[in-house]
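User: Hi! Could you walk me through this one with me? I'd like to hop between a few spots and then zoom out.
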Amino acid sequence: MLAAPAQGATAAAPVPSVAVPNFWNPRSRGERVEAPQTGRAVRFLTDDEFPPLHFAGPDGTPTGFVVELARAVCEKLAITCTVQARRFDTLLDSLDSKQGDVVAAAIPLTAGLRQKFTATRPYFRWPARFAARADRGLPLPSAKTLAERSVGVIGGSAHAAYLGTFFPKAKAHEFADLAAAEGALKRGEIDYLFADGLNLALYVGGQEAENCCALVGGDYLENRYFGEGIGLITRQDDAALARALDDALQRVWDDGKYTELYLRFFPVSPF
């Protein structure tokens with residue numbers, strides 16, 4: 001519960017208990033960019049099987065953080081948009097063949113993707129995080145505190161490589177998949193688990209974990225290991241639309257809508 005401000009003091013706005021990431025540089029703001037007028041709705045393509053980013057709502061309509069962010073961008077640009085769900089592995093081909101205008105889905109931004117498509121700046125990234133048993137009072141992760149501690153990782157993953165490079169004295173325990181590693185953490189067979197922050201946030205906040213565990217320490221966002229994140233993707237011949245989307249994402253952040261949507265879909269923040 002928030003304490004009441006002292007008499008005569010100005011009450012500060014409540015600070016969200018969930019950490020909301022900020023991917024926008026205020027110095028990069030320019031003049032408002034309008035969306036090109038095509039005389040038809042802008043068609044967004046997404047997938048409906050990757051909650052909380054994009055999934056089918058109770059009535060089958062696509063929703064999720066990415067989808068609702070796309071709708072907020074359309075509102076900011078004062079344009080009509082549609083959202084169509086396609087199989088994830090067909091999204092870029094559908095965009096390329098002009099069956100849609102924008103892909104709004106968790107497709108990683110890479111140099112290879114940019115050779116064929118245009119993308120906005122990232123509006124979401126993939127942080128790596130540590131998780132630990134909530135009842136053990138373990139120290140916050142650092143190269144020193146993890147020395148000789150057991151840390152679960154997925155074998156062959158970027159997280160395993162990062163752990164070996166920056167936490168060389170930790171005792172890495174490799175698992176075939178995240179579910180196996182999460183089970184080992186819950187049973188207390190490892191001290192920490194180092195993995196994708198989004199999946200870990202969903203686990204520690206979900207029923208399966210039974211409140212066993214929590215995210216500890218900060219997020220790790222090194223591009224070389226964990227990628228650039230995700231953005232709205234357009235065809236290269238739609239550069240004007242891409243610029244307008246970029247500007248609208250900035251304005252959606254500025255007016256607080258991004259934070260509103262983030263708090264709706266991420267009760268436990270991966271950041």
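User: Where is the place of Ala-104?
Analyst: In this predicted model, Ala-104 sits in the loop between β6 (102-103) and α3 (111-114).

User: Is Ala-104 buried or exposed there?
Analyst: Ala-104 is buried, since its relative accessible area is 2%, and the cut-off for buried is under 20%.

User: Which residues is Ala-104 in contact with, leaving aside neighbours within four places in sequence?
Analyst: The contacts of Ala-104 are Phe-44, Leu-45, Thr-46, His-54, Val-66, Ala-70, Tyr-123 and Leu-232.

User: Nice. Which strand does Thr-46 lie in, and does it count as buried or exposed?
Analyst: Thr-46 belongs to strand β1, which covers residues 42-46. Thr-46 counts as buried because its relative accessibility is 1%.

User: What else does Thr-46 touch, not counting residues up to four places away in sequence?
Analyst: Besides Ala-104, Thr-46 touches His-54, Pro-62, Val-67, Val-83, Gln-84, Ala-85, Arg-86, Leu-91 and Ala-105.

User: On to backbone geometry. What kind of peptide bond joins Pro-51 and Pro-52?
Analyst: That bond is cis, with omega about 0 degrees. Most peptide bonds are trans. Pro-52 has its place in the loop between β2 (49-50) and β3 (54-56).

User: What about phi of Glu-210?
Analyst: Glu-210 has phi near 55 degrees, which is positive in a residue other than glycine. Asn-211 also has a positive phi, about 60 degrees, and is not a glycine either. Most residues other than glycine have a negative phi.

User: Where are those two, and are they buried or exposed?
Analyst: Glu-210 is in the loop between α6 (197-204) and β12 (213-220), and Asn-211 is found in the loop between α6 and β12. Glu-210 counts as exposed because its relative accessibility is 58%. Asn-211 is exposed too, with a relative accessible area of 70%.

User: Okay, zooming out. How many helices and strands does the protein chain have?
Analyst: The chain has 9 helices and 13 strands. Its radius of gyration is 21 Å, close to the 18 Å that the globule rule gives for 271 residues, so the chain is as compact as a globular protein of that length. The C-alpha atoms fill a box of roughly 60 × 55 × 40 Å along the principal axes.

User: What share of the residues counts as buried?
Analyst: Of the 271 residues, 46% count as buried. The chain exposes about 13,700 Å², with carbon and sulfur atoms supplying 52% of that area.

User: Last one: how many positive and negative side chains are there?
Analyst: There are 29 positive and 32 negative side chains, and the centres of the two sets are 4 Å apart.

Methods. Residues numbered from 1 in each chain as written. Predicted model: local features only at pLDDT ≥ 70, side-chain atom pairs only at ≥ 80, totals over all residues. Heavy atoms only, no water. Helix = DSSP H or I, 4+ residues; strand = E, 2+ residues; numbered from the N terminus. Buried < 20%, exposed > 50% of the residue type's maximum accessible area, 1.4 Å probe, protein only. Contact = heavy atoms within 4.5 Å. Rg over C-alpha atoms; globule rule 2.2 N^0.38 Å. Areas by Shrake-Rupley, 256 points an atom, 1.4 Å probe, with all protein chains shown as cover. Lys, Arg positive; Asp, Glu negative; His and termini not counted. Charge placed at Lys NZ, Arg CZ, Asp CG, Glu CD.
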